[in-house]
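Reader: I am new to this structure. Please show me how to read it, feature by feature.

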Amino acid sequence: MSLVRSFVAVDIEAQDVVRRIEEMQMEVLKLGLDIKLVERENLHLTLRFLGEIPQSNVDAAIRALAQLRFSKFQIKLADVGVFPDLSRPRVLWIGVSQGVEKLTELADVVRRAVDRYAEHREDREFTPHLTIGRVKSGRNIDKLRELLGRYRGVEFGVVTVDKVKLKKSTLTPRGPIYSDLFVLTLT
C-alpha cells in the first residue's frame with residue numbers, strides 16, 4: 001500500500017510579504033549558518049500535519065475539508081524566533097502578530113475535521129508560525145542570535161487567509177516538493 005505524506009496548510013502567496021521574507025533569508029545566508037532555507041514556493045503555515053497516510057485517508061480528509069465553512073481573514077506576520085530555543089535552534093520562524101485568534105480557530109476547525117485520518121494524534125497546542133529555515137548544526141549560532149535581535153518586532157506584512165490546502169509532500173535530497181491535493185476557498 002502506498003502512503004501519501006500530507007498536511008493541511010495556508011500558503012503565503014502575497015508577493016510583497018514573500019519579497020520581505022526573501023530579503024531576510026538573504027541576510028541569514030550571509031551569516032555562514034548551517035541552515036536549509038524554505039523556498040518561496042514552499043512558504044506556508046501548517047494547520048495540521050497528517051503524516052504518511054493511505055490514499056483512502058487522503059480521500060476522506062478531502063471530503064471532510066470540503067464540508068468546512070469559514071470566513072476569510074487577515075493575519076500580520078512579524079518578529080523572528082527559533083524553536084526549541086536559542087541554545088539549540090532547529091527551526092527559524094516568523095511569527096503571527098495579528099489574526100492569531102482567527103488562525104487558531106481555523107486550525108481547530110481543520111484539526112477536528114481531519115484528526116481521525118492522520119497518522120498520529122496531535123497533542124501539541126497549535127503555535128502559529130511560518131518556518132523559514134531549518135538549522136542543521138550549531139555553526140555561527142552567535143550570529144543568528146544577533147540577527148534575531150535586529151528583527152525583534154519587525155513586520156513582514158499582511159496576508160489574506162482565503163484558502164486552506166491539503167498538500168502532498170514529496171521528500172527529495174534537495175528538499176520537499178509540495179503539490180496541492182485539495183483547495184478549500186474561504187468566503
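Author: Start with charge. Lys and Arg count as positive, Asp and Glu as negative, while His and the chain ends are not counted. Each charge is placed at NZ of Lys, CZ of Arg, CG of Asp or CD of Glu. Here there are 31 positive and 26 negative side chains. The centres of the two sets lie 2 Å apart.

Reader: What kind of model is this?

Author: This is a predicted model; local features need pLDDT of at least 70, side-chain atom pairs count only at pLDDT 80 or more, and totals for chains, interfaces and linings use all residues. Residues are numbered from 1 along each chain as its sequence is written, and side-chain values use heavy atoms, with hydrogens and water left out.

Reader: How many helices and strands does the protein have?

Author: Both are DSSP runs, numbered from the N terminus: helices (H or I) of at least four residues, strands (E) of at least two. The protein has 4 helices and 9 strands. From the N terminus, their order is β-α-β-β-α-β-β-α-β-α-β-β-β.

Reader: How many residues does the largest nonpolar core have?

Author: Such a core joins buried Ala, Val, Leu, Ile, Met, Phe, Trp, Tyr and Cys residues through side-chain atoms within 4.5 Å. Buried means under 20% relative accessible area (1.4 Å probe, protein chains only). The largest core here has 60 residues. Helix H3 (residues 100–114) gives the largest share, 7 residues. Ile12 is among those with the most contacts inside the core.

Reader: Which residues is Ile12 in contact with?

Author: Contact means heavy atoms within 4.5 Å. Beyond its neighbours within four places in sequence, Ile12 touches residues including Val17, Leu77 and Val159.

Key
Buried < 20%, exposed > 50% of the residue type's maximum accessible area, 1.4 Å probe, protein only.
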